[in-house]
Amino acid sequence: MKGIVLAGGTGSRLYPLTKATSKQLLAVYDKPMVYYPLSVLMLAGIREILVISTPESIPSLRALLGDGSDLGLDISYAEQDQPRGIAEALLIGADHIDGNPSALILGDNIFHGAGFSRILRAARERLDGCTLFGYPVSDPERYGIGETDERGALVSIEEKPLRPRSDNAITGLYLYDSDVVEVARGIEPSARGELEITDVNKAYLKEGRAQLCRLGRGFTWLDAGTHDSLLAASQYVQVIEKRQSVRVACLEEIALRMGYIDAERCRRSGEAMKSSEYGKYLVQLSETLG
């Protein structure tokens with residue numbers, strides 16, 4: 001399975017923070033925002049990842065992440081010069097996908113919960129069409145909503161419904177089979193001139209090949225696209241890390257625990273950041289797991 005992180009857009013809802021930098025480079029407590037979606041793909045067992053961003057932001061993202069080799073990954077980059085919709089990422093990434101199943105995640109989405117890797121891997125194994133991830137919200141009229149029947153099967157998808165029939169918000173994480181590029185090529189731009197990911201998902205639903213995996217109690221999903229949600233995400237990560245003495249979305253730790261890198265490489269990464277608590281954590285981790 002190939003991975004795509006869509007880290008584009010202007011980040012205008014976060015102005016003036018993002019007037020001179022990419023939203024995905026902003027801090028969510030102790031690490032850049034882009035670490036969080038990358039960690040999800042890694043937990044799903046995905047190692048070939050395409051980062052899509054604006055031409056202005058790619059040099060900074062490349063300086064941060066490199067080619068991924070320090071994490072045992074293969075990271076490449078592609079441009080989206082204008083925000084023409086989430087589904088356009090599937091077309092930009094067509095060569096990267098290259099007829100394989102794929103996972104697309106938005107660059108400002110943060111997921112956290114026990115056993116998430118197990119859930120992601122199970123979703124990969126049973127993938128037949130597309131799998132969406134739902135999260136219960138108190139204000140469903142603000143989101144794309146997935147309605148399920150009494151058996152839990154997905155029966156409808158509505159974008160910001162006035163009268164929601166469910167509280168299952170569809171998050172910014174999507175798993176697709178090898179047909180997704182052709183499906184994306186078959187949709188038309190919406191009234192706002194964008195290729196809507198909802199239309200891709202509806203095409204799968206029409207064929208009876210869309211499933212909704214509900215992330216319920218014990219999971220957290222945050223969209224760090226506004227000042228308030230960015231602050232809330234940082235506070236959430238801070239509480240988890242301080243109380244539990246763990247790191248959320250620590251890419252080097254995930255890579256080490258999943259066997260992508262060895263303890264020595266983890267230690268070297270920590271030594272390069274040894275003045276920070278993050279770097280000290282990596283050095284200690286390498287000694288514990290080495």
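K160 counts as exposed, at 52% relative accessibility; exposed means over 50% relative accessible area, buried under 20%, and partly exposed in between (1.4 Å probe, protein chains only). The model is predicted, so local features need pLDDT of at least 70, side-chain atom pairs count only at pLDDT 80 or more, and totals for chains, interfaces and linings use all residues. Residues are numbered from 1 along each chain as its sequence is written, and side-chain values use heavy atoms, with hydrogens and water left out.

K160 lies in the loop between strand 10 (154-159) and strand 11. Its backbone is also of note. K160 has a positive phi of about 45°, although it is not a glycine. S245 likewise is not a glycine and has a positive phi, of about 55°. S245 sits in the loop between helix 8 (227-244) and helix 9. With 57% relative accessibility, S245 counts as exposed. A further backbone feature is the cis peptide bond between Y15 and P16, with omega of about 5°. P16 is found in the loop between strand 1 and strand 2 (27-28). Most residues other than glycine have a negative phi, and most peptide bonds are trans.

The overall fold was examined next. The chain has 11 helices and 13 strands. Helices (H or I, at least four residues) and strands (E, at least two) are DSSP runs, numbered from the N terminus. For 290 residues, a compact globule would have a radius of gyration near 19 Å; the chain has 19 Å, which agrees. This radius is taken over C-alpha atoms, and the globule rule is 2.2 Å times the number of residues to the power 0.38. Along the principal axes, the C-alpha atoms fill a box of roughly 50 × 40 × 40 Å. Buried residues make up 54% of the 290 residues. The chain exposes about 13700 Å², of which carbon and sulfur atoms supply 46%. Accessible areas come from the Shrake-Rupley method with a 1.4 Å probe; for residues, only the protein chains shown count as cover.

Strand 6 (residues 102-106) is largely enclosed by the rest of the structure, because 5 of its 5 residues are buried. In a regular strand the side chains alternate between the two faces of the sheet. Both faces of strand 6 are covered: S102, L104 and L106 are buried on one side, A103 and I105 on the other. Strand 6 pairs with strand 1 (residues 2-6) in the parallel sense, over 5 bridges. Two strands pair if DSSP finds at least two bridges between them. L106 is the bridge partner of L6. Strand 6 also pairs with strand 11 (residues 168-176), in the antiparallel sense and over 4 bridges. Here A103 has L175 as its bridge partner.

S102 lies in strand 6. It is buried, with a relative accessible area of 1%. Beyond four places in sequence, S102 touches M1, K2, I97, Y174, L175, Y176 and V180. I197, in helix 7 (residues 197-206), is buried at 7% relative accessibility. Not counting residues up to four places away, I197 touches I86, A87, L90, L104, Y174 and Y176. I197 and R185 are 12 residues apart in sequence and 12 Å apart in space, C-alpha to C-alpha.

K31 lies in strand 3. At 3% relative accessibility, K31 counts as buried. Its side chain makes a polar contact of 2.9 Å with the side chain of E241. A second polar contact, of 3.4 Å, joins the side chains of K31 and Y36. A polar contact is a pair of N or O atoms within 3.5 Å; within protein, one must be able to donate a hydrogen and the other to accept it, and residues adjacent in sequence count only if both atoms are side-chain atoms. Leaving aside neighbours within four places, K31 is in contact with residues including L26, V237, V248, C250 and Y278.

Y278 belongs to the buried set of helix 11, together with G279, Y281, L282, V283, L285 and S286. These buried residues pack against strand 3 (31-32), helix 1 (35-43), helix 9 (251-257) and helix 10 (263-271). At 1.5 Å a residue, the 13 residues of helix 11 (residues 277-289) should span 18 Å; the end C-alpha atoms are 18 Å apart, which agrees. The expected span is 1.5 Å times one less than the number of residues.

Methods: Contact = heavy atoms within 4.5 Å.
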